[in-house]
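Thank you all for making the time this morning. I would like to walk through one chain with you, going from the overall layout down to individual side chains, and I will take questions at the end.

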Amino acid sequence: MILRPDRFKEALVALRLSPLMMMALGGLAATALGCAIFALSSFWAPTLAPPPANSEWRPPSLDADSADAGKAPSEDKETLSRPIFFKNRRPQPRPAAGAARAQTAQPAEGLSLGAIIKFRDAGRALVVTTASPEGKWLETGDNIDGWTVQSIERSELTLHNGEQTVVLKLYPDGSN
């Protein structure tokens, strides 16, 4: 029995199938036929030779003698003195070559300038010390470690202690 095009259209109308639905059903039928052929070929096709049981590949091994253990974290003094995940961990400030000669006195050990905020004529400076590593905001006239804030400029802080004066620069290398 040969299916003629006019009978095919009559069958589609009788089944109430759209052309798009018919294409989808055709695709599903082709997929099912392909799966059936694959399953039958896996039963009757000749089997492949199994891989050789004795393989020459060996997993890499680590010799205990060749491994460099290094220092244990509890023995490394640099790690203990500057822990990584503390918020006060900052790189060591580089001393400026000319600034050390220009200063008449050095401030207390560990005193450094962290930030400066200027608005119109008023200014505030964040000074970090070993006693307060999170920093302390200072204004003109405030005291820290025996030093009085004399002036706050755009990129430097001037401290005064009796007849000694020290200028802390925000950018010691002169790039501001």
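I will begin with the chain as a whole, then turn to the strands, the core, the charged pairs and the surface.

Please keep in mind throughout that what you see is a predicted model. The chain contains four helices and seven strands, and if you follow the elements from the N terminus, they run α-α-α-α-β-β-β-β-β-β-β. Of its 176 residues, 15% count as buried, and the accessible surface comes to about 14800 Å², with 60% of that area belonging to carbon and sulfur atoms. As for the contact pattern, if we take the contacts between residues at least 6 apart in sequence, 31% of them join residues at least 24 apart.

Let me move to the strands. S1 and S2 pair in the antiparallel sense over seven bridges, and within that pairing Ala-115 stands opposite Leu-126 in S2. The two strands form a hairpin with two residues between them, and in the turn Arg-120 has a positive phi of about 55 degrees.

The hairpin of S6 and S7 has two residues between the strands, and here Gly-162 takes a positive phi near 65 degrees.

Is it buried or exposed? With a relative accessible area of 11%, Thr-158 is buried, because the cut-off for that class is under 20%. Leaving aside neighbours within four places in sequence, Thr-158 is in contact with Thr-148, Val-149, Gln-150 and Ser-151, and also with Thr-165, Val-166 and Val-167.

In soluble globular proteins, nonpolar side chains tend to be buried together. The largest nonpolar core in this model has 15 residues, and those with the most contacts inside it are Leu-113, Val-127, Leu-157, Leu-159 and Leu-168. S1, S2, S5, S6 and S7 each supply at least two residues of this core, and the largest share, three residues, comes from S5. If we take Leu-113 and set aside residues up to four places away in sequence, Leu-113 touches Ala-125, Leu-126, Val-127, Glu-156, Leu-157, Leu-168, Lys-169 and Leu-170.

Now to the charged side chains. How many salt bridges are there? The count comes to two. In one of them, the side chains of Arg-124 and Glu-139 meet at 3.7 Å, N to O. Arg-124 lies in strand S2 and Glu-139 in the loop between S3 and S4, so this pair ties together parts that are 15 residues apart in sequence. Both partners are partly exposed, Arg-124 with a relative accessible area of 38% and Glu-139 with 41%. The other salt bridge is the pair I promised to return to, Lys-169 and Glu-156, whose side chains meet at 3.3 Å, N to O. Lys-169 lies in S7 and Glu-156 in S6, so the pair ties together parts that are 13 residues apart in sequence. Lys-169 counts as partly exposed at 39% relative accessibility, and Glu-156 is also partly exposed, at 23%.

Met-21, Leu-25 and Leu-28 make a nonpolar surface patch of about 300 Å². Met-21 lies in helix H2, which spans residues 19–44, and counts as partly exposed at 43% relative accessibility. Thr-130, in the loop between S2 and S3, counts as exposed at 65% relative accessibility. Thr-130 and Ser-112 are 18 residues apart in sequence, and their C-alpha atoms are 9.3 Å apart in space.

Definitions and conventions: Residues numbered from 1 in each chain as written. Predicted model: local features only at pLDDT ≥ 70, side-chain atom pairs only at ≥ 80, totals over all residues. Heavy atoms only, no water. Patch = residues over 30% accessible without salt bridge, like charges linked within 9 Å, V, L, I, M, F, W, Y side chains within 5 Å. Areas by Shrake-Rupley, 256 points an atom, 1.4 Å probe, with all protein chains shown as cover. Salt bridge = Lys/Arg side-chain N within 4 Å of Asp/Glu carboxyl O. Buried < 20%, exposed > 50% of the residue type's maximum accessible area, 1.4 Å probe, protein only. Contact = heavy atoms within 4.5 Å. Core = buried A, V, L, I, M, F, W, Y, C linked by side-chain atoms within 4.5 Å. Pairing = 2+ DSSP bridges.
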